[in-house]
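This report describes the surroundings of the ligand.

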Amino acid sequence: MERLQKIIAKSGYASRRKAEELIKSGKVMVNGKIVTELGTKASFSDDILVEGKKIEKEEKEYYIFNKPRGVITSTKDEKGRCVVTDYFASNKRLYPVGRLDYDTTGLLIVTNDGELSNLITNPKNEIEKVYVAKLEGIIKGIEINKLKKGIVLDGIKCIPKRVKLKSYDKKSNSSIVEITITEGKNHEVKRLFEKVGFKVSKLKREKIAFLTLSNLQPGEYRKLNRKEVKHLFSLIK
Ligand code: URA
């Protein structure tokens, strides 16, 4: 037996939060009775109707996607711009996990599993996200050390797990830095560099936990195998 909102989320009908709203507003029926209490327990063997539709357990799908530039990390866009799920042919209610900016490229997990999404985005689990940033200007040891000591963003000190200068080029006046973070605040990497005086001109996420892009080209995706999914769930703290 599980909480009703969790079962609805597992069915893929709505996120857990949306499911809570549906329950509270009297749109969920269990075995013929309207249920409005959030703690109510049920299982898939119960007859559960949400907004009049019977829900069933949805098979989970897990992908990694190499997000190209100019794609919105969302399932829909009011202005009709290209979104991540436009690339997927699945009939499941897939959505991207976490957020990459419009101009950021690289590794994004796409799934219909809210539990995995929570796992990756909850800072408590300290899932490492590795980014490679191209900066305008030549970054020096002093600024790298400032980053390593931590930078206050939104009133909270963010301490990157690692910061490594990969290369710099005096001719084009630019530097390439690899930075590993675990929080995932909005525009976190760009804001961290901004705080030490550098503008990020290109940003790519190369790794989430043990997952890498390997030979996935921008716009391509692949399904995660069972072992990889199991490994991801083993990272819950
Ligand atoms: N940090 C950013 O600034 N942008 C991203 O897209 C991801 C992390």
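Domain bounds here come from an automatic or database domain assignment. Both domain 2 (62-123 + 211-234) and domain 3 (128-208) give residues to the shell around the ligand, so the ligand lies between them.

This is a predicted model, in which local features need pLDDT of at least 70, side-chain atom pairs count only at pLDDT 80 or more, and totals for chains, interfaces and linings use all residues. Residues are numbered from 1 along each chain as its sequence is written, and side-chain values use heavy atoms, without hydrogens and water.

L100, D101, T104, Y131, H187, E188, V189, K190 and L203 surround the ligand, each with a heavy atom within 4 Å of it. Helix α5 (residues 188-195) gives the largest share of this shell, 3 residues; helices are DSSP runs of H or I with at least four residues.

| Protein atom | Ligand atom | Distance |
|---|---|---|
| D101, polar backbone atom | oxygen | 2.7 Å |
| T104, polar side-chain atom | oxygen | 2.8 Å |
| K190, backbone N or O atom | oxygen | 3.0 Å |

Of the 230 Å² of accessible area that the ligand has on its own, the protein covers 97% (Shrake-Rupley method, 1.4 Å probe).

Notes: A polar contact is a pair of N or O atoms within 3.5 Å; within protein, one must be able to donate a hydrogen and the other to accept it, and residues adjacent in sequence count only if both atoms are side-chain atoms. Helices (H or I, at least four residues) and strands (E, at least two) are DSSP runs, numbered from the N terminus.
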